[in-house]
Amino acid sequence: MKVQCDVCAADAASVFCCADEAALCDACDRRVHRANKLAGKHRRFSLLNPSPSSASPSQMPPPLCDICQVRIG
Ligand SMILES: [Zn+2]
Ligand SMILES: [Zn+2]
């Protein structure tokens with residue numbers, strides 16, 4: 001699943017900014033968040049490599065099969 005960058009709408013987003021509630025590609029992430037000190041404090045998480053420490057497993061229910069709605073695994 002690919003998420004498109006909310007800023008340029010051209011590239012695939014690689015990070016999601018919680019403060020902006022926007023998905024950004026690498027280039028836009030750098031441009032937006034290096035623009036000023038405040039933006040640099042935005043918490044972002046990677047859409048490509050979700051870090052286990054930031055996402056609690058209990059908050060992320062396992063995906064269900066679209067067809068049978070039975071838990072995979
Ligand atoms: Zn972009
Ligand atoms: Zn931001």
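Buried means under 20% relative accessible area, exposed over 50% and partly exposed in between (1.4 Å probe, protein chains only). The model is predicted: local features need pLDDT of at least 70, side-chain atom pairs count only at pLDDT 80 or more, and totals for chains, interfaces and linings use all residues. Residues are numbered from 1 along each chain as its sequence is written, chains are lettered from A and ligands numbered from 1 in the order in which they are written, and side-chain values use heavy atoms, with hydrogens and water left out.

**View 1. Surroundings of Ser 14.** Ser 14 is buried, at 9% relative accessibility. Its side chain makes a polar contact with that of Asp 26 at 3.2 Å (a pair of N or O atoms within 3.5 Å; within protein, one must be able to donate a hydrogen and the other to accept it, and residues adjacent in sequence count only if both atoms are side-chain atoms).

View 2. The whole structure holds two salt bridges (a side-chain nitrogen of Lys or Arg within 4 Å of a carboxyl oxygen of Asp or Glu). Asp 26 pairs with Arg 30 (3.7 Å, N to O), and Arg 44 with Asp 29 (3.0 Å, N to O). Asp 29 is buried at 10%, whereas Arg 44 is partly exposed at 33%.

**View 3. The zinc ion (ligand 2).** Cys 17 (SG), Asp 20 (OD), His 33 (NE2) and His 42 (ND1) are the protein donors, 1.9 to 2.2 Å from the zinc ion (donors are N, O and S atoms within 2.8 Å of the metal, 3.2 Å for Na, K and Ca; water is not among the atoms, so sites may look incomplete). Cys 17 is buried, with a relative accessible area of 0%, and Asp 20 is partly exposed, with 34%.
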